[in-house]
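Try each task on the model before you read its solution.

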Amino acid sequence: MRLILSDRPLPLPELSSDTTFVDLSGLKIANCVGCFGCWTKTPGRCVIRDDAVKIYPLIAASDRVLYVSRIRYGGYDEPMKTMLERAIPVQQAFIRLVNGETHHLQRRVVPKQAVVMGYGEEISSAEEAVFRRLVARNALNMNFSEFRVEVMPEAAVEDAVRREAAAWLG
Amino acid sequence: MAGIMILNGSPRAPRSNSKKYAALFAQACPAETVYREITRGNHGTLCREIEGFSDLLLVFPLYADGIPVTLLRFLKALEAAPPSPRLTVSMMVNCGFLEPGQNDTVVEMIRLFCEKSGCRFGSVLEIGSGEAILETPFAGMVRRKIGKLADSIARGTRRSWKVTMPLPKRWFIRASTAYWESYGKRNGVTKEQMATMEIEK
(Lines give C-alpha, C1' and ligand atoms only; values in the text may rest on other atoms or scores of the structure.)
Protein backbone atom coordinates (compact mmCIF):
# COMPACT_ATOMS: atom_id res chain seq x y z
CA MET A 1 0.00 0.00 0.00
CA ARG A 2 1.23 3.49 -0.85
CA LEU A 3 0.25 6.92 0.41
CA ILE A 4 0.71 10.47 -0.84
CA LEU A 5 -0.04 12.87 2.00
CA SER A 6 -0.08 16.51 0.97
CA ASP A 7 -0.92 19.82 2.60
CA ARG A 8 -2.31 21.12 -0.70
CA PRO A 9 -4.36 19.90 -3.64
CA LEU A 10 -2.22 18.36 -6.39
CA PRO A 11 -3.22 17.60 -9.97
CA LEU A 12 -1.88 14.08 -10.23
CA PRO A 13 -1.86 11.61 -13.09
CA GLU A 14 -3.76 8.38 -12.62
CA LEU A 15 -2.32 6.54 -9.63
CA SER A 16 -1.93 2.81 -9.19
CA SER A 17 -4.82 1.09 -7.46
CA ASP A 18 -2.80 0.60 -4.28
CA THR A 19 -1.93 4.30 -3.98
CA THR A 20 -4.07 6.70 -1.95
CA PHE A 21 -3.78 10.46 -2.28
CA VAL A 22 -4.83 12.53 0.74
CA ASP A 23 -5.14 16.32 0.56
CA LEU A 24 -5.00 17.44 4.18
CA SER A 25 -6.22 20.92 3.29
CA GLY A 26 -9.66 19.46 2.55
CA LEU A 27 -10.00 17.58 5.82
CA LYS A 28 -11.18 18.47 9.29
CA ILE A 29 -8.36 17.60 11.68
CA ALA A 30 -8.10 19.09 15.16
CA ASN A 31 -4.79 19.28 16.96
CA CYS A 32 -3.65 16.61 19.41
CA VAL A 33 -4.61 17.62 22.94
CA GLY A 34 -1.93 15.49 24.61
CA CYS A 35 -4.45 13.45 26.62
CA PHE A 36 -2.58 10.13 26.13
CA GLY A 37 -5.98 8.50 25.57
CA CYS A 38 -4.67 6.63 22.51
CA TRP A 39 -2.02 5.03 24.73
CA THR A 40 -3.77 4.57 28.07
CA LYS A 41 -7.56 4.63 27.60
CA THR A 42 -8.45 3.38 24.11
CA PRO A 43 -5.09 2.00 22.91
CA GLY A 44 -4.63 2.44 19.15
CA ARG A 45 -7.61 4.79 18.79
CA CYS A 46 -7.67 8.56 19.13
CA VAL A 47 -10.46 9.90 21.30
CA ILE A 48 -11.02 12.80 18.86
CA ARG A 49 -13.21 11.27 16.14
CA ASP A 50 -12.48 13.55 13.19
CA ASP A 51 -10.84 12.91 9.80
CA ALA A 52 -7.45 12.06 11.34
CA VAL A 53 -8.74 8.65 12.41
CA LYS A 54 -9.06 7.71 8.72
CA ILE A 55 -5.50 8.82 7.93
CA TYR A 56 -3.23 7.31 10.57
CA PRO A 57 -4.28 3.73 9.72
CA LEU A 58 -3.24 4.51 6.13
CA ILE A 59 0.12 5.82 7.32
CA ALA A 60 0.64 2.68 9.40
CA ALA A 61 -0.30 0.31 6.57
CA SER A 62 1.78 1.96 3.81
CA ASP A 63 5.19 0.66 2.80
CA ARG A 64 5.83 3.69 0.65
CA VAL A 65 4.90 7.25 1.61
CA LEU A 66 5.32 10.65 0.03
CA TYR A 67 4.77 13.62 2.34
CA VAL A 68 4.41 17.10 0.84
CA SER A 69 4.51 20.08 3.19
CA ARG A 70 5.32 23.74 3.36
CA ILE A 71 8.35 24.32 5.60
CA ARG A 72 7.96 26.58 8.62
CA TYR A 73 10.92 27.31 10.91
CA GLY A 74 12.66 24.23 9.54
CA GLY A 75 9.70 21.98 10.34
CA TYR A 76 6.37 21.06 8.82
CA ASP A 77 3.76 23.78 8.61
CA GLU A 78 0.42 23.42 10.38
CA PRO A 79 -1.57 20.93 8.25
CA MET A 80 1.13 18.26 8.05
CA LYS A 81 2.34 18.83 11.61
CA THR A 82 -1.20 18.59 12.93
CA MET A 83 -1.69 15.26 11.15
CA LEU A 84 1.65 13.82 12.25
CA GLU A 85 0.91 14.75 15.87
CA ARG A 86 -2.47 13.04 15.58
CA ALA A 87 -0.78 9.88 14.29
CA ILE A 88 0.59 8.85 17.69
CA PRO A 89 -2.08 6.13 18.16
CA VAL A 90 0.15 4.04 15.85
CA GLN A 91 2.70 3.99 18.66
CA GLN A 92 2.59 2.53 22.14
CA ALA A 93 3.40 4.43 25.30
CA PHE A 94 6.14 1.90 26.02
CA ILE A 95 9.75 2.64 25.19
CA ARG A 96 12.38 0.60 23.35
CA LEU A 97 15.91 1.24 22.12
CA VAL A 98 16.42 2.18 18.46
CA ASN A 99 20.04 2.67 17.45
CA GLY A 100 20.86 3.08 21.12
CA GLU A 101 18.25 5.81 21.67
CA THR A 102 14.95 5.56 23.51
CA HIS A 103 11.87 5.66 21.28
CA HIS A 104 8.27 4.49 21.46
CA LEU A 105 7.34 0.96 20.44
CA GLN A 106 5.29 0.86 17.24
CA ARG A 107 2.01 -0.97 16.82
CA ARG A 108 1.42 -2.67 13.44
CA VAL A 109 3.35 -0.09 11.43
CA VAL A 110 4.84 -1.32 8.18
CA PRO A 111 8.47 -0.24 7.64
CA LYS A 112 8.38 2.39 4.91
CA GLN A 113 10.37 3.98 2.17
CA ALA A 114 9.64 7.66 2.63
CA VAL A 115 10.09 10.65 0.36
CA VAL A 116 9.53 13.97 2.11
CA MET A 117 9.14 17.07 -0.04
CA GLY A 118 9.39 20.38 1.77
CA TYR A 119 8.62 23.56 -0.08
CA GLY A 120 8.56 27.30 0.39
CA GLU A 121 10.08 30.54 -0.74
CA GLU A 122 13.40 31.79 0.57
CA ILE A 123 14.30 28.59 2.39
CA SER A 124 17.80 29.32 3.71
CA SER A 125 20.49 26.66 3.80
CA ALA A 126 20.19 26.69 7.61
CA GLU A 127 16.44 26.08 7.41
CA GLU A 128 16.90 23.31 4.86
CA ALA A 129 19.50 21.68 7.13
CA VAL A 130 17.09 21.74 10.07
CA PHE A 131 14.33 20.23 7.90
CA ARG A 132 16.65 17.43 6.83
CA ARG A 133 17.60 16.79 10.45
CA LEU A 134 13.92 16.71 11.38
CA VAL A 135 13.11 14.05 8.79
CA ALA A 136 16.08 12.00 9.99
CA ARG A 137 14.59 12.20 13.50
CA ASN A 138 11.15 11.27 12.13
CA ALA A 139 12.69 8.20 10.49
CA LEU A 140 13.45 6.79 13.95
CA ASN A 141 9.98 7.53 15.33
CA MET A 142 7.90 6.76 12.22
CA ASN A 143 9.50 3.52 11.08
CA PHE A 144 11.13 4.81 7.89
CA SER A 145 13.48 2.07 6.66
CA GLU A 146 14.74 4.47 3.97
CA PHE A 147 14.07 8.12 3.33
CA ARG A 148 14.88 10.90 0.93
CA VAL A 149 14.32 14.61 1.48
CA GLU A 150 13.74 17.14 -1.28
CA VAL A 151 13.46 20.89 -0.68
CA MET A 152 12.11 23.12 -3.41
CA PRO A 153 10.29 26.34 -4.23
CA GLU A 154 6.50 26.12 -4.20
CA ALA A 155 6.31 26.39 -7.99
CA ALA A 156 8.28 23.16 -8.36
CA VAL A 157 6.08 21.00 -6.15
CA GLU A 158 3.57 19.74 -8.71
CA ASP A 159 6.24 18.58 -11.17
CA ALA A 160 8.25 16.93 -8.41
CA VAL A 161 5.23 15.02 -7.10
CA ARG A 162 4.20 13.96 -10.61
CA ARG A 163 7.75 12.67 -11.21
CA GLU A 164 7.73 10.71 -7.98
CA ALA A 165 4.25 9.29 -8.64
CA ALA A 166 5.36 8.22 -12.12
CA ALA A 167 8.42 6.51 -10.63
CA TRP A 168 6.11 4.58 -8.29
CA LEU A 169 4.14 3.36 -11.31
CA GLY A 170 7.34 2.31 -13.06
CA MET B 1 10.13 47.01 28.75
CA ALA B 2 11.13 44.66 31.56
CA GLY B 3 10.35 41.30 33.05
CA ILE B 4 9.87 37.83 31.68
CA MET B 5 6.72 36.42 30.14
CA ILE B 6 6.61 32.65 30.65
CA LEU B 7 4.49 31.20 27.86
CA ASN B 8 3.23 27.63 28.12
CA GLY B 9 3.04 26.15 24.61
CA SER B 10 1.66 22.76 25.62
CA PRO B 11 -1.63 21.70 24.02
CA ARG B 12 -2.81 20.63 27.48
CA ALA B 13 -1.40 23.70 29.20
CA PRO B 14 -3.66 23.83 32.29
CA ARG B 15 -2.67 20.28 33.32
CA SER B 16 0.71 19.96 31.67
CA ASN B 17 4.19 19.15 32.86
CA SER B 18 5.18 22.39 31.16
CA LYS B 19 3.01 24.22 33.72
CA LYS B 20 4.98 22.55 36.53
CA TYR B 21 8.29 23.50 34.89
CA ALA B 22 7.03 27.06 34.40
CA ALA B 23 6.06 27.27 38.09
CA LEU B 24 9.53 26.09 39.14
CA PHE B 25 11.06 28.74 36.88
CA ALA B 26 8.87 31.49 38.38
CA GLN B 27 9.86 30.42 41.90
CA ALA B 28 13.56 30.44 41.02
CA CYS B 29 13.64 33.62 38.99
CA PRO B 30 15.08 36.78 40.57
CA ALA B 31 13.27 38.93 37.97
CA GLU B 32 9.57 39.66 37.68
CA THR B 33 7.64 36.99 35.75
CA VAL B 34 4.17 36.65 34.31
CA TYR B 35 2.74 33.25 33.31
CA ARG B 36 0.45 32.79 30.31
CA GLU B 37 -1.02 29.87 28.37
CA ILE B 38 -1.78 29.80 24.65
CA THR B 39 -5.38 29.28 23.63
CA ARG B 40 -6.91 29.38 20.17
CA GLY B 41 -8.43 32.77 20.83
CA ASN B 42 -5.71 34.70 22.67
CA HIS B 43 -2.94 35.08 20.07
CA GLY B 44 -3.63 38.78 19.48
CA THR B 45 -3.83 39.56 23.19
CA LEU B 46 -0.57 37.72 23.87
CA CYS B 47 1.23 39.43 20.98
CA ARG B 48 0.21 42.84 22.35
CA GLU B 49 1.09 41.91 25.92
CA ILE B 50 4.56 40.64 24.93
CA GLU B 51 5.40 44.19 23.81
CA GLY B 52 5.73 45.06 27.49
CA PHE B 53 8.40 42.45 28.21
CA SER B 54 12.13 42.21 27.60
CA ASP B 55 12.11 38.41 27.64
CA LEU B 56 9.86 35.62 26.50
CA LEU B 57 10.40 32.11 27.86
CA LEU B 58 8.73 29.38 25.79
CA VAL B 59 7.97 26.26 27.84
CA PHE B 60 6.69 23.31 25.86
CA PRO B 61 6.92 19.57 25.17
CA LEU B 62 8.56 18.04 22.11
CA TYR B 63 5.80 16.83 19.76
CA ALA B 64 6.60 14.55 16.83
CA ASP B 65 10.20 15.79 16.93
CA GLY B 66 9.15 19.42 16.59
CA ILE B 67 7.17 22.40 17.85
CA PRO B 68 3.65 21.48 19.06
CA VAL B 69 1.03 22.87 16.68
CA THR B 70 -0.48 24.94 19.50
CA LEU B 71 2.81 26.84 19.80
CA LEU B 72 3.57 26.82 16.06
CA ARG B 73 0.30 28.65 15.34
CA PHE B 74 1.11 31.25 17.95
CA LEU B 75 4.67 31.77 16.68
CA LYS B 76 3.29 32.44 13.20
CA ALA B 77 0.97 35.07 14.68
CA LEU B 78 3.85 36.61 16.65
CA GLU B 79 6.08 36.71 13.56
CA ALA B 80 3.31 38.54 11.71
CA ALA B 81 2.83 41.01 14.60
CA PRO B 82 5.99 41.38 14.68
CA PRO B 83 7.76 41.38 18.08
CA SER B 84 10.19 44.07 19.17
CA PRO B 85 13.77 43.42 18.03
CA ARG B 86 14.70 43.99 21.68
CA LEU B 87 12.72 40.90 22.73
CA THR B 88 14.88 37.91 23.73
CA VAL B 89 13.28 34.49 23.34
CA SER B 90 14.51 31.68 25.58
CA MET B 91 13.15 28.17 25.80
CA MET B 92 12.66 25.22 28.14
CA VAL B 93 11.65 22.11 26.22
CA ASN B 94 10.95 18.65 27.59
CA CYS B 95 10.66 15.27 25.92
CA GLY B 96 9.62 11.93 27.37
CA PHE B 97 12.73 10.18 26.06
CA LEU B 98 15.83 9.72 28.19
CA GLU B 99 18.11 11.69 25.87
CA PRO B 100 17.61 15.45 26.22
CA GLY B 101 19.49 15.80 22.91
CA GLN B 102 16.36 14.56 21.16
CA ASN B 103 15.22 18.17 21.62
CA ASP B 104 18.17 19.58 19.64
CA THR B 105 16.26 19.97 16.38
CA VAL B 106 13.43 21.92 17.98
CA VAL B 107 15.98 24.26 19.54
CA GLU B 108 17.17 25.05 16.02
CA MET B 109 13.55 25.63 14.96
CA ILE B 110 13.06 28.26 17.68
CA ARG B 111 16.38 29.82 16.64
CA LEU B 112 15.02 30.04 13.08
CA PHE B 113 11.82 31.62 14.38
CA CYS B 114 13.93 34.28 16.10
CA GLU B 115 15.88 34.97 12.90
CA LYS B 116 12.70 35.29 10.85
CA SER B 117 10.86 37.44 13.36
CA GLY B 118 13.86 39.65 14.11
CA CYS B 119 14.11 38.99 17.83
CA ARG B 120 17.07 37.66 19.82
CA PHE B 121 17.62 34.03 20.69
CA GLY B 122 18.40 33.55 24.36
CA SER B 123 19.03 30.66 26.73
CA VAL B 124 17.98 27.03 26.44
CA LEU B 125 17.18 24.22 28.83
CA GLU B 126 16.55 20.80 27.27
CA ILE B 127 14.94 18.26 29.59
CA GLY B 128 14.95 14.50 28.96
CA SER B 129 12.65 12.03 30.74
CA GLY B 130 10.47 15.10 31.19
CA GLU B 131 7.19 13.24 31.54
CA ALA B 132 8.19 11.68 34.85
CA ILE B 133 11.37 13.23 36.25
CA LEU B 134 9.59 15.63 38.59
CA GLU B 135 8.02 12.61 40.35
CA THR B 136 11.41 10.99 40.99
CA PRO B 137 14.36 11.56 43.37
CA PHE B 138 16.06 13.31 40.41
CA ALA B 139 13.64 16.27 40.50
CA GLY B 140 16.29 18.31 42.32
CA MET B 141 18.56 18.07 39.29
CA VAL B 142 15.89 19.73 37.13
CA ARG B 143 15.25 22.40 39.77
CA ARG B 144 18.93 23.31 39.86
CA LYS B 145 19.12 23.63 36.08
CA ILE B 146 15.92 25.68 36.03
CA GLY B 147 17.54 27.96 38.62
CA LYS B 148 20.53 28.43 36.31
CA LEU B 149 18.24 29.16 33.39
CA ALA B 150 16.38 31.75 35.47
CA ASP B 151 19.62 33.45 36.53
CA SER B 152 20.86 33.46 32.95
CA ILE B 153 17.71 35.09 31.59
CA ALA B 154 17.54 37.61 34.44
CA ARG B 155 21.19 38.59 33.81
CA GLY B 156 20.76 38.75 30.06
CA THR B 157 23.36 36.08 29.33
CA ARG B 158 22.84 33.31 26.76
CA ARG B 159 23.52 29.80 27.99
CA SER B 160 22.37 26.25 27.25
CA TRP B 161 21.87 23.24 29.51
CA LYS B 162 20.58 19.71 29.30
CA VAL B 163 19.26 17.55 32.10
CA THR B 164 17.78 14.07 32.43
CA MET B 165 17.55 11.14 34.81
CA PRO B 166 21.07 9.76 35.34
CA LEU B 167 19.96 6.19 34.63
CA PRO B 168 21.31 3.45 32.34
CA LYS B 169 18.94 3.16 29.36
CA ARG B 170 17.71 -0.31 30.32
CA TRP B 171 16.78 0.94 33.78
CA PHE B 172 15.00 3.92 32.27
CA ILE B 173 12.99 1.61 30.00
CA ARG B 174 11.98 -0.52 32.99
CA ALA B 175 11.02 2.58 34.98
CA SER B 176 9.05 4.12 32.11
CA THR B 177 7.25 0.82 31.47
CA ALA B 178 6.17 0.76 35.11
CA TYR B 179 5.13 4.43 34.88
CA TRP B 180 2.92 3.85 31.82
CA GLU B 181 1.54 0.58 33.15
CA SER B 182 0.42 2.39 36.27
CA TYR B 183 -1.03 5.22 34.11
CA GLY B 184 -3.14 2.67 32.19
CA LYS B 185 -4.19 0.91 35.37
CA ARG B 186 -5.74 4.13 36.63
CA ASN B 187 -7.96 4.00 33.51
CA GLY B 188 -8.74 0.30 33.97
CA VAL B 189 -6.51 -0.66 31.02
CA THR B 190 -3.96 -3.47 31.34
CA LYS B 191 -0.40 -3.48 30.07
CA GLU B 192 -1.40 -6.09 27.47
CA GLN B 193 -4.26 -3.90 26.23
CA MET B 194 -1.95 -0.91 26.02
CA ALA B 195 0.50 -2.98 23.98
CA THR B 196 -2.07 -3.95 21.34
CA MET B 197 -0.74 -4.00 17.80
CA GLU B 198 -4.16 -3.04 16.42
CA ILE B 199 -4.82 0.45 15.11
CA GLU B 200 -8.41 1.79 14.95
CA LYS B 201 -9.87 -1.67 15.60
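A residue is called buried when its relative accessible area is under 20%, exposed when that area is over 50%, and partly exposed in between. The model to which this is applied here is a predicted one.

**Exercise 1. Decide whether Arg8(A) is buried or exposed, and find which residues it touches.**

Step 1. Begin with the position in the chain: Arg8(A) sits in the loop between strand S1 (2-6) and strand S2 (19-23) of chain A.

Step 2. Apply the cut-off: Arg8(A) has a relative accessibility of 14%, and therefore counts as buried.

Step 3. List the neighbours, leaving aside residues up to four places away in sequence: Arg8(A) touches Phe21(A), Asp23(A), Ser25(A), Tyr119(A), Glu154(A), Val157(A) and Glu158(A).

Step 4. The side chains of Arg8(A) and Glu154(A) are joined by a polar contact of 3.0 Å, while Glu158(A) forms a salt bridge with Arg8(A) in which the closest N and O atoms are 3.8 Å apart. Because Glu158(A) belongs to helix H5 (residues 157-169) of chain A and Arg8(A) to the loop between S1 and S2, this pair ties together parts that are 150 residues apart in sequence. Glu158(A) itself is partly exposed, at a relative accessible area of 28%.

**Exercise 2. Describe the salt bridge between Arg162(A) and Asp159(A), and explain how the two residues are placed along their helix.**

Step 1. Take the distance: the closest N and O atoms of Arg162(A) and Asp159(A) are 2.8 Å apart.

Step 2. Consider the spacing: the two residues are three places apart in helix H5 of chain A, so about one helical turn separates them. In general, an α-helix has 3.6 residues a turn, so residues three or four places apart point the same way.

Step 3. Check the accessibility: Arg162(A) is partly exposed at 30%, and Asp159(A) is also partly exposed, at 44%.

**Exercise 3. Work out which side of helix H6 of chain B is buried, and what that side packs against.**

Step 1. Collect the buried residues, which are Phe172(B), Ile173(B), Ser176(B), Thr177(B), Trp180(B), Tyr183(B) and Gly184(B). They cover an arc of only 135 degrees around the axis, and therefore lie on the same side of H6(B).

Step 2. Turn to the other side of H6(B), where Arg174(B), Lys185(B) and Arg186(B) are exposed.

Step 3. Identify the packing partners: the buried residues of H6(B) pack against helix H1 (37-40), strand S5 (91-98) and strand S6 (101-106) of chain A, together with helix H7 (191-194) of chain B.

**Exercise 4. Characterise the interface of chain A and chain B by its contacts, its buried area and its salt bridges.**

Step 1. Count the residues: 54 residues of chain A are in contact with 51 residues of chain B.

Step 2. State the area: the two chains bury about 4,600 Å² between them, with 59% of it on carbon and sulfur atoms.

Methods:
Residues are numbered from 1 along each chain as its sequence is written. Chains are lettered from A and ligands numbered from 1 in the order in which they are written. This is a predicted model: local features need pLDDT of at least 70, side-chain atom pairs count only at pLDDT 80 or more; totals for chains, interfaces and linings use all residues. Side-chain values use heavy atoms; hydrogens and water are left out. Buried means under 20% relative accessible area, exposed over 50%, partly exposed in between (1.4 Å probe, protein chains only). Helices (H or I, at least four residues) and strands (E, at least two) are DSSP runs, numbered from the N terminus. The arc is that of the directions from the helix axis to the C-beta atoms. Contact means heavy atoms within 4.5 Å. Buried area is the accessible area (1.4 Å probe) that two parts lose on being put together, summed over both. A salt bridge is a side-chain nitrogen of Lys or Arg within 4 Å of a carboxyl oxygen of Asp or Glu. A polar contact is a pair of N or O atoms within 3.5 Å; within protein, one must be able to donate a hydrogen and the other to accept it, and residues adjacent in sequence count only if both atoms are side-chain atoms.
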